[in-house]
Amino acid sequence: MARLTRRDGKTLFAAWLGYLMDGFDFVLITLVLTEVADAFELSTVTAATLVSAAFISRWFGGLAIGAVGDRYGRKPAMILSILLYSVGSLACGLSWGYWSMFAARLLLGLGMAGEYSASATYVIESWPAAARNRASALLISGYAVGAIIAGQVYRFVVPAWGWRAMFILGVVPIALALWMRRGLKESHDWEQARATAAAGTETASAANRPGTRRDFVTILYRGRRAPLNHALTVAVGLGLFLLFTERAGGFAWPLALLAAVGFVLFAAQFARGRTPMMVMLMVTVFCAFLYSWPIQALLPTYLKKDLDFSPGTVSDMLFFAGFGNVAGCVLVGFLGDRWGTRRTYVASLCVSMLFVLPVFAMDRGQTVWLALLLFFQQMFAQGISGLLPKLIGGYFGTTERAAGLGFTYNVGSLGGAVAPVLGASLAGGHSLGPSLAWLTFSLTLVVIVLIAVDAPLRMQRLVRADVPVAAVEPPPPASGRAVPPHPRRRGSRRDGGKNLAEHD
């Protein structure tokens with residue numbers, strides 16, 4: 001068992017507070033979606049695009065703020081991200097129509113993307129190697145706690161002051177998170193990597209040689225390919241905008257293909273020989289969002305419209321769902337350090353499938369059973385997302401981890417943009433329950449298979465077996481905090497460089 005220090009606790013708490021505010025601000029739109037739809041006279045499908053809007057901008061936020069984290073440090077990136085999404089939340093409260101709120105949600109998405117990549121990377125790199133699954137999961141639990149608080153605030157604030165007050169309240173606690181982060185030191189791994197590079201001794205790969213920039217902004221927007229990448233960035237952004245504002249017309253599939261090709265080209269310039277791994281990692285995260293976000297985004301709408309619950313009962317149901325999420329994060333964090341990241345992930349998702357269909361078989365008179373089922377479904381299905389930062393970050397080295405994790409995760413998070421629109425569209429104006437149930441059930445099965453077979457590593461071996469997945473050094477242990485390698489852990493070059501990630 002790794003020994004934790006007071007600094008470890010302070011590090012986690014400061015980042016966790018940011019995640020709590022992140023969760024509070026981000027889920028507000030799902031709580032007040034019906035009120036916003038009524039105020040702006042929107043259909044359920046059009047209103048669902050306001051949930052999707054924050055995901056449209058996340059890929060660029062992960063790219064840009066991840067680059068800030070890799071070049072200037074994790075701490076400045078964390079502060080920048082929390083400022084962005086707090087301004088976005090305030091702008092949502094002041095919006096006067098669909099388009100103004102859509103723009104505010106885009107800004108909030110930029111900040112949330114940076115929060116995920118910067119804070120997750122910071123905490124994982126600051127904690128002892130043997131406890132990093134725990135650090136990852138405990139950090140993500142902050143998002144669930146924020147969602148719980150938002151649900152409880154909703155029941156009192158919206159009936160009394162209206163939906164706008166929810167967004168304005170979301171800005172108030174930001175000062176505490178900023179104050180906590182102001183006194184933080186940089187992560188140990190980032191400081192050590194910078195010192196090693198400055199000394200000219202880091203020779204594990206070209207990515208780590210002194211003077212070589214491996215952040216996304218430098219790679220994409222400087223040099224001879226910069227004009228093409230600028231044009232491609234605009235094209236991808238415009239394509240996503242048209243897709244998720246229902247303005248694609250008959251060009252939905254070509255625009256989706258354009259965005260996919262753009263993301264692959266961006267990834268190829270960053271990952272080079274490890275492009276197959278990075279692309280499959282994005283696909284895995286995309287499917288993970290597709291299984292989780294139909295419920296995350298549309299559960300409040302389902303409870304209010306299909307089951308005709310009052311705001312107070314909706315808050316109670318969301319409390320049990322959120323509390324299950326928090327309990328799951330804590331549980332999988334400890335199990336991940338004991339059993340391994342992938343084993344824990346697969347086992348948790350398998351258990352979650354037992355609860356998906358029963359959740360949507362309950363009627364409005366079975367509130368106790370519904371609360372219990374939501375608790376356990378979210379515990380095993382959503383709580384496991386606490387291991388995603390550790391899982392994804394393990395494929396990238398220190399000098400490129402924030403950008404690699406941020407871009408990969410936030411491109412994959414477009415599944416969260418597709419999910420609410422797809423769920424509402426499949427319902428076709430009828431009950432949301434069946435479409436949410438089958439979307440969640442089927443996509444969970446897909447994610448189980450992808451993670452169980454280690455699809456990113458298998459794809460890398462299939463396409464470029466000569467290039468290891470982890471082409472840089474494993475995270476350097478801090479003095480007195482390292483643990484001996486597990487005798488069953490494979491880390492040789494012959495095994496595809498699995499020394500960096502925990503693929504046991």
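Author: Asp308 counts as exposed, at 52% relative accessibility (buried means under 20% relative accessible area, exposed over 50%, and partly exposed in between, using a 1.4 Å probe and protein chains only). Asp308 sits in the loop between H14 and helix H15 (311–339); helices here are DSSP runs of H or I with at least four residues, strands are E runs of at least two, and both are numbered from the N terminus. The phi of Asp308 is near 55 degrees, a positive value in a residue other than glycine. Most residues other than glycine have a negative phi.

Before going on, a word on what you're looking at: this is a predicted model, in which local features need pLDDT of at least 70 and side-chain atom pairs count only at pLDDT 80 or more, while totals for chains, interfaces and linings use all residues. Residues are numbered from 1 along each chain as its sequence is written, and side-chain values use heavy atoms, with hydrogens and water left out.

Now for the loop between helix H13 (252–271) and H14, where you'll find Arg272. Arg272 also has a positive phi, about 55 degrees, although it is not a glycine. With a relative accessible area of 46%, Arg272 is partly exposed.

Leaving out residues up to four places away in sequence, Cys329 touches Ala137, Ile140, Ser141, Gly383 and Gly386 (contact means heavy atoms within 4.5 Å). Cys329 and Ala144 are 185 residues apart in sequence, yet their C-alpha atoms are 8.9 Å apart in space. On the scale of the whole chain, 84% of the contacts between residues at least 6 apart in sequence join residues at least 24 apart.

Setting aside residues up to four places away in sequence, Phe263 touches Trp59, Val236, Leu240, Met282, Phe407, Val411 and Leu414.

H14 also turns up, along with helix H21 (432–452), in what covers the buried residues of H22. In H22 (residues 455–464), Ala455, Pro456, Leu457 and Gln460 are buried. H21 itself holds Ser435, which is buried too, with a relative accessible area of 10%. Beyond its neighbours within four places in sequence, Ser435 is in contact with Gly423, Leu426 and Ala427.

What about the chain as a whole? Its secondary structure comes to 22 helices and zero strands, and buried residues make up 61% of its 504 residues.
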